[in-house]
Amino acid sequence: MTSIFSGGLSRYALYGFAIAVIAVLMATVAAVMLSGKALTLANLYAAQASNPMLMALDLMPFIFALWAQGLAAGFSDEKAGARSKKTDTEQSEKLALKAEARRLEQEDTLTGLANRAHFLQQLDASLRDAELNRTRVGVIVLDLDGFSEVNDQFGAATGDRVLKSVARRLSNATENTGSILARLGGNSFGLAIDALQSTQALEDLAQRMRDVLVPPCTLDKLSLNLAASVGGAVYPDNATDSFGLVNAADGAMQHAKAGGGGFELVQTAIPVEDAEMHSLSAELRTAIEQDQLVLYLQPLIDVQADEVHGVEALVRWQHPRRGFLPPGEFIPRAERAGLMNELSKWVLRRALEYNAALRKQGWSIGVSVNLSARSLLDPDFPDLLADLLATYEVPSEVLTIEITEDTLMSDQRRTMDVVTRVSNMGIHISIDDFGTGYSQLTYLKRLPASEIKIDRSFVTDMLESDTDMAIVKATIELGHALGLRAVAEGIEYENQSVKLRELGCDIIQGYYMGRPMPYDKLCEWLAEWQLHHQPEAMAVGESARGSY
Ligand code: C2E
Ligand code: CA
Ligand code: CA
């Protein structure tokens, strides 16, 4: 009962009530008139009171009202029911559409396999797990050989059927391996294998994928022989992100294809056991940010004038756990991790800061900084140099950039460009480790360098080996003939320095004169040096110190 009134009194109930009241009134009036009495209120009342039919009729308005109210409630329930049914179907249609859209986003429409975008997403998730669990992930890229000929000869529709057939076969070959198979685009397929146990497992899967393609593909009357080239790459050995990993596997596949097909695994430049590589690169970034690096300085002596020519800046890493690391232990890693630009910037800043401080003490000497190939190929590098020189107010001719001979020779056209720009700014260029690379004299002649640095390996044995002595002598002469300063490094004994002076070498560097040392130690070393070499300069003032 309460439920039929739950929506309030309906207008139908009011209409029912009013109609029934009118009917009762009319019946009462009719009863009075039929009895022949006057139509007065008293007679109407009397007719009502004496006639049981009329009394029963009095109940009608209430019965009508109730009935209409009940009907109205029923209507609205039905309506509401219909409405909610409609929303339910709309909702499920929407969900189905959404699921379909998601499927289309993730799926390759032709083969029904995952598409490239979805594959990379799934691979990213696998890599995150692998990083947490310290497991490996394998990626295989398979590319059909000669597929464009199938398309050209038999049409794209046939090509599509071949691709569908290949997808089915690969799917069968790789099911239950816990791997994700995808069509990466065109005639190229990808497979990602979680928790890879060994490279052998990767090779086995690659072989299985190639094997299933061996039976000819029969389409109507056509029978096509299929073959594919396959490449494999492994996380974290070859790359650490999904994009890089697929690229690495793709590169190995291209290499296999160029070699006539088959399977190839990326040749790892980084040893597999070097899992520390990762963390060390990350730590190196922190080291640069948190100033864990230390810049050591080693004196360069003008052996003819007997004065301090400058210092070479040599970086070291004061590692919080591993201790003091020489550059050989982290520079190659920094190169591989793409951190060399950051590191070079740090070294340059610190070197110029020290040089400016020495200048304030009256030491007008030069500073040499080693530069890797990577930084040299950065087209913004000359601008960065100009900014730093301006910041520390150091004249450009004070700075020498040391570049190893093999770096200079490896990409001659590009290095020539940057070297020329740097040299035009007044900065000196030094060819480091000279004699270990294969310099072409014609190139050397064009290179706007200021000095050549004879490699330590020749200096070390020059007094014992006639060949080394001949090389050192010839290099000094070659340098002079090209208008370059000759610098010798690795001088550990006095007789080596005496001999080099006789040979006309301009600058010498080595443990005999001074080891690489931190800035404070260098200040002490400079004071000591002055005491022994130019005591008169101390007396007259500080002006005669250094060659810049
Ligand atoms: P390099 O440029 O040939 O530097 C000279 C190396 O010879 C330094 O080794 C120096 O300590 C060492 N040395 C100097 N005099 C003597 C000596 O009389 N006897 C012997 N046995 N060794 C001597 P270090 O500091 O270990 O640096 C090794 C290499 O690391 C450098 O060779 C350079 O190629 C690289 N390096 C150092 N600092 C940097 C840097 O800031 N940037 C870049 N790109 N490379 C750097
Ligand atoms: Ca050097
Ligand atoms: Ca050197």
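Is Glu312 buried or exposed, and what is its relative accessible area? Glu312 is buried, at 3%. Buried means under 20% relative accessible area, with a 1.4 Å probe and protein chains only.

This is a predicted model, where local features need pLDDT of at least 70 and side-chain atom pairs count only at pLDDT 80 or more, while totals for chains, interfaces and linings use all residues. Residues are numbered from 1 along each chain, chains are lettered from A and ligands numbered from 1 as written, and side-chain values use heavy atoms, without hydrogens or water.

**View 1. Donors around the calcium ion (ligand 2).** Glu312 (OE), Asn370 (OD1), Glu402 (OE) and Asp432 (OD) coordinate this ion at 2.1 to 2.3 Å. Donors are N, O and S atoms within 2.8 Å of the metal (3.2 Å for Na, K and Ca); water is not among the atoms, so sites may look incomplete. The sequence spacing is E-x57-N-x31-E-x29-D.

**View 2. Asp432 as a bridge.** Asp432 bridges the calcium ion (ligand 2) and the calcium ion (ligand 3). These ions lie 4.1 Å apart.

How values were computed:
Buried < 20%, exposed > 50% of the residue type's maximum accessible area, 1.4 Å probe, protein only.
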